[in-house]
Amino acid sequence: MGDRFQVIVDLDVREQDAPRLAEQLVERLVTDGIVLAEREGFLLGAHPPGPHWHRAAAPDPDGDPTDGLAVHLGRGVFHSGADIPEHAVCPHCHAHTPLDTDGWTRVGAAVAAWSETGAADLACPRCTASAPIPEWTWDNAPLAFGHLGLKFWNWPDLGEEFQAHLTALLDGHRTAYLWGKL
Ligand SMILES: [Zn+2]
């Protein structure tokens with residue numbers, strides 16, 4: 001067993017706008033009965049499921065949600081927990097760079113720099129062009145970089161309709177959906 005999470009990461013929100021956007025979004029989810037307003041002590045103050053949580057779930061949910069929605073604010077690198085990607089995919093030439101020891105050393109340095117400063121470029125070994133690390137894609141276990149993450153702990157799968165609804169509530173920003181286990 002273990003804890004499973006699903007996270008929606010806002011890829012576009014600016015750091016200074018994230019708290020306001022998060023507050024509006026949680027208010028709306030509370031109004032819709034998807035989560036409760038009061039936060040509980042477990043999981044760093046997560047919002048427990050509300051009476052209409054099933055509106056957020058895919059049809060025929062595989063069980064009730066047992067934990068809450070944790071809102072992550074500030075610069076965050078989101079990943080799947082135990083799984084890591086095998087290849088980094090260049091946004092320019094789409095070459096797959098294997099994440100062997102050397103590959104991870106370079107990616108790790110860029111991720112660390114982004115975490116520290118909010119900006120970092122990664123160069124492609126194939127075409128030699130550089131791109132900001134958030135613009136790279138990843139194969140089987142994505143990484144997402146953003147200033148607002150909505151992490152649902154131990155919920156049934158979120159429905160596609162609900163994910164689209166969340167994206168609309170996030171001012172139509174680009175989002176990433178990741179899930180993982182700890
Ligand atoms: Zn390239």
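The buried residues of helix α3 are covered by elements that include β1, α1, β8 and β9 (175–181). In this predicted model, the residues of α3 that are buried are Phe162, Gln163, Leu166 and Leu169. Viewed along the helix axis, these buried residues of α3 fall within an arc of 120°, and they therefore line one face of the helix. This arrangement can be read against the geometry of helices in general. An α-helix has 3.6 residues a turn, so residues three or four places apart point the same way. The face of α3 turned away from the buried side carries Glu160, Glu161 and Ala168, which are exposed. Just after α3, a positive phi of about 60° is found at Asp171.

At the level of the whole chain, the protein is divided into domain 1, comprising 4–79 together with 152–181, and domain 2, comprising 87–138. The centres of domain 1 and domain 2, taken over C-alpha atoms, are separated by 28 Å.

With regard to accessibility, Cys93 counts as partly exposed because its relative accessibility is 32%, while Cys124, at 2% relative accessibility, counts as buried.

Five salt bridges are found in a search of the whole structure. One of them joins Arg4 to Asp157, with 2.7 Å between the closest N and O atoms. This pair links distant parts of the chain: Arg4 belongs to strand β1 (residues 4–10) and Asp157 to the loop between β8 (144–153) and α3 (160–169), 153 residues apart. Arg4 counts as partly exposed at 22% relative accessibility, and Asp157 likewise counts as partly exposed, at 35%.

A further salt bridge is formed between the side chains of Arg75 and Glu15, at 3.6 Å from N to O. Because Arg75 lies in strand β2 (residues 69–78) and Glu15 in the loop between β1 and α1 (18–31), this pair ties together parts that are 60 residues apart in sequence. Arg75 counts as partly exposed, at 31% relative accessibility, and Glu15 is also partly exposed, with a relative accessible area of 38%.

Arg28 and Asp32 form another salt bridge, in which the closest N and O atoms are 3.2 Å apart. Within this pair, Asp32 counts as buried at 15% relative accessibility, since buried means under 20% relative accessible area.

Notes:
Residues numbered from 1 in each chain as written. Predicted model: local features only at pLDDT ≥ 70, side-chain atom pairs only at ≥ 80, totals over all residues. Heavy atoms only, no water. Buried < 20%, exposed > 50% of the residue type's maximum accessible area, 1.4 Å probe, protein only. Salt bridge = Lys/Arg side-chain N within 4 Å of Asp/Glu carboxyl O. Helix = DSSP H or I, 4+ residues; strand = E, 2+ residues; numbered from the N terminus. Domains from an automatic or database assignment. Arc of directions from axis to C-beta. Contact = heavy atoms within 4.5 Å.
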